[in-house]
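Student: Hi! I have a new structure to look at, and I would like to talk it through with you.

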Amino acid sequence: MITALANPQRFMRFSEWVLPFAAIIAMLLLIVGLTWGLVFSPPDAVQFESVRIMYVHVPAAIWSMGIYAFMAVASLMSFVWRHLLADVAARCAAQIGVAYAGLCLVTGSLWGAPTWGTWWAWDSRLTSMLLLFLTYVGYLALWSAVEDETKAARLASILCMAGAVNLPIIHYSVEWWGSLHQSSSLWKLSGPSIYPTMLWPLLICIAAYGMVFFALLLASMRAEIYRRRVLARGPA
C-alpha cells in the first residue's frame, strides 16, 4: 500500500475519493466528542468544571506526539529509501503537528492555572513538550530557509529523526523524574482508571483529532503536489 501510494498520480486518485469521507467523519466525531465532553460529561470531584479542558488538551497532546512519530517514519523513508512522497508527507504533517503542539501548551496552561495554581512550571513533562513544539518550529523554519528543496528535505529529515529522541522522554517523564502531571490514567495495563462517562467522550475526541489530522494531511499533500507540478512546468 505504501509503495503504491509513493506514485503521486496514484496518491492523487486515492486521496480524491478518500478525502471527503475523512472530512465528514472528522466533523461528526468532533461534534459528538466535544459536545459530549464539554456539555454533558460530569464535572470532576476535585477539579470541578475545569476538567472539561481535558477533552481538548489530552487529544492534542497525544496527537502532537503521534504526528511527530509519523514524521520521523516518513523522514526515515525519505532519507534512506528516497520514497517519492515521504518528504511531502513529513512537511505537511509538521504544519498540522505544530498547531496541535501549540494547542496542547495553551490548553495545558489554562488547565494548570486553576488546578496547580500556576500557568507554567519548568517540570519535566511541560519542558519536554515545549521542546517538541520548538522542534516542530525549527523543522518548518529549516524547510523555509533552504531554497534547494532536495537539500532541505535531507536536512529536515535528519533534524526530524534526531528530534524523535524526545518522544519517549515526554511519555515517561512523569515516571522518570516526577511531574505536576499525574501518571497515566488512560494507557495502563490494568485498563483506564477514568470513569466511563468521561472516558468515552475522551476516546471519541482522540479519534476525532486523529481523523482531522488525516483529512488535513491529505488536503495539504494534494496542495503541495499541485504546487510542485506548477513549479516543474516553469513560467508560462
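Predicted model: local features only at pLDDT ≥ 70, side-chain atom pairs only at ≥ 80, totals over all residues.

Student: Let's begin with helix α5. How many Å apart are its end C-alpha atoms?
Tutor: Helix α5 runs over residues 149–163, which makes 15 residues.

Student: Which side of α5 do its buried residues take: the same side or opposite sides?
Tutor: The residues to look at are Ala152, Ala153, Ala156, Ser157, Cys160 and Gly163, the buried ones of α5. Around the axis they cover an arc of only 135°, so they lie on the same side.

Student: And which helices do those buried residues pack against?
Tutor: Keep the buried residues of α5 in view, Ala152 and Cys160 among them. Their packing partners are α2 (54–81), α3, α4 (124–145) and α6 (166–177).

Student: Let's turn to α2. What length does it reach from its first C-alpha to its last?
Tutor: α2 has 28 residues, and at 1.5 Å a residue 40 Å is expected. The model comes close to this, with a reach of 39 Å.

Student: Which residue just after α2 takes a positive phi?
Tutor: Look just past the end of α2, where a phi of about 55° turns up. The residue with this positive phi is Arg82.

Student: Is Thr107 buried or exposed?
Tutor: Thr107 is found in helix α3, which covers residues 86–116. Its relative accessible area is 7%, and the cut-off for buried is under 20%. Therefore Thr107 counts as buried.

Student: Now for the salt bridges. How far apart are the closest N and O atoms of Arg91 and Glu149?
Tutor: Arg91 and Glu149 form one of the eight salt bridges found in the whole structure. This pair links distant parts of the chain, as Arg91 is in helix α3 and Glu149 in helix α5, 58 residues apart. Arg91 counts as buried at 16% relative accessibility, whereas Glu149 is partly exposed at 26%. The closest N and O atoms of the two are apart by 3.7 Å.

Student: What is the N to O distance in the salt bridge of Glu149 and Arg227?
Tutor: Arg227 is partly exposed, with a relative accessible area of 30%. Here the side chains of Glu149 and Arg227 meet at an N to O distance of 2.7 Å. Glu149 lies in helix α5 and Arg227 in helix α7 (residues 196–233), so the pair ties together parts 78 residues apart in sequence. To end on the value you asked for, the distance is 2.7 Å.

Student: Last one: which helix gives the most to the nonpolar patch?
Tutor: The patch covers about 620 Å² of surface and is made by Val32, Trp36, Leu38, Val39, Phe40 and Trp200. Trp36 has its place in helix α1 and is partly exposed at 31% relative accessibility. With five residues, the helix that gives the most is α1.

Terms used: Residues numbered from 1 in each chain as written. Heavy atoms only, no water. Helix = DSSP H or I, 4+ residues; strand = E, 2+ residues; numbered from the N terminus. Buried < 20%, exposed > 50% of the residue type's maximum accessible area, 1.4 Å probe, protein only. Patch = residues over 30% accessible without salt bridge, like charges linked within 9 Å, V, L, I, M, F, W, Y side chains within 5 Å. Areas by Shrake-Rupley, 256 points an atom, 1.4 Å probe, with all protein chains shown as cover. Salt bridge = Lys/Arg side-chain N within 4 Å of Asp/Glu carboxyl O. Expected span 1.5 Å × (residues − 1). Arc of directions from axis to C-beta. Contact = heavy atoms within 4.5 Å.
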